[in-house]
Amino acid sequence: MKTIWARVKQDLKEKSIPLNILIELTRACNINCCHCYNLKDNAELSFSQIKEIAVQLRQAGALFLSLTGGEVFTKHDIFDICSYLRKMSFDLSIFTNGTLINKGNINRIQELGLSEVGISIQGATAE
């Protein structure tokens, strides 16, 4: 007998419904890790592009949305983006290098009710 989750995954597959989506908002980053695969051209999605993508993903039935970069906190409108996506009822996560997180934006992150804030330590230095 299949578990409920196995049946859900099978149903999603049969109906081509995306479940987990990863969006690279920006290539901009405040550090320069030697292992980084990202191009150094600082390309990024605009808020209007993100809204358009979000609407399409919601219509397709997507549930889990993860935001990454570069460094997501280099985007001046990151909290507006997160707020918009949460209002659309996405289960939202952020992946960051953590170097731009401060007390002020910790409170904003908490207010948004994000599912996860993943902090990479791969580029960490003593500083």
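**Reading the features**

Reply: F47 counts as partly exposed, at 23% relative accessibility; the label covers what falls between buried (under 20% relative accessible area) and exposed (over 50%), with a 1.4 Å probe and protein chains only. This is a predicted model, where local features need pLDDT of at least 70, side-chain atom pairs count only at pLDDT 80 or more, and totals for chains, interfaces and linings use all residues. Residues are numbered from 1 along each chain as its sequence is written, and side-chain values use heavy atoms, with hydrogens and water left out.

Me: How many aromatic pairs does the structure hold?

Reply: A pair of aromatic rings is described by the distance of the centres and the angle of the planes. Rings of Phe, Tyr and Trp (its six-membered ring) pair if their centres lie within 6.5 Å; planes under 30 degrees apart are stacked, over 60 edge-to-face, and the rest tilted. The structure holds 2 such pairs. F47 and Y84 make an edge-to-face pair, with 6.0 Å centre to centre and 90° between the planes. F47 lies in helix α2 (residues 47-60) and Y84 in helix α3, so this pair ties together parts that are 37 residues apart in sequence. Y84 is partly exposed, with a relative accessible area of 23%. F73 and F79 form a tilted pair, at 5.9 Å centre to centre and 45° between the planes.

Me: Are F73 and F79 buried or exposed?

Reply: F73 is buried, and so is F79.

Me: Which residue lies over the face of F47?

Reply: The test for a charge over a ring is that NZ of Lys or CZ of Arg is within 6 Å of the ring centre and within 35 degrees of the ring normal. K51 lies over the face of F47, at 4.6 Å from the ring centre. K51 also lies over the face of Y84, at 5.5 Å from the ring centre.

Me: Which residues have the most contacts inside the largest nonpolar core?

Reply: In soluble globular proteins, nonpolar side chains tend to be buried together. A nonpolar core is a set of buried Ala, Val, Leu, Ile, Met, Phe, Trp, Tyr and Cys residues joined through side-chain atoms within 4.5 Å. The largest one has 23 residues, and those with the most contacts inside it are L65, L67, I78, L85 and F90. The elements giving two or more residues to this core are β1, α2, β2, α3, β3 and α4 (103-112). α3 gives the most, with 5 residues.

Me: What is L67 in contact with?

Reply: Contact means heavy atoms within 4.5 Å. Leaving aside neighbours within four places in sequence, the contacts of L67 include I23, L25, I78, L85, L92 and I94. For the protein chain, among contacts between residues at least 6 apart in sequence, 67% join residues at least 24 apart. Of its 127 residues, 31% count as buried.

Me: Where is Y37 placed?

Reply: Y37 is in the loop between β1 and α2 and counts as exposed, at 64% relative accessibility. Not counting residues up to four places away in sequence, Y37 touches E24 and G69. The C-alpha atoms of Y37 and G70 are separated by 9.6 Å, and the two residues are 33 apart along the chain.

Me: Which residues other than glycine have a positive phi?

Reply: One of them is S16, with phi near 55°. S16 is in the loop between α1 (4-14) and β1 and counts as exposed, at 62% relative accessibility. S89 has a positive phi of about 70° and lies in the loop between α3 (78-87) and β3 (91-96).

Notes. Helix = DSSP H or I, 4+ residues; strand = E, 2+ residues; numbered from the N terminus.
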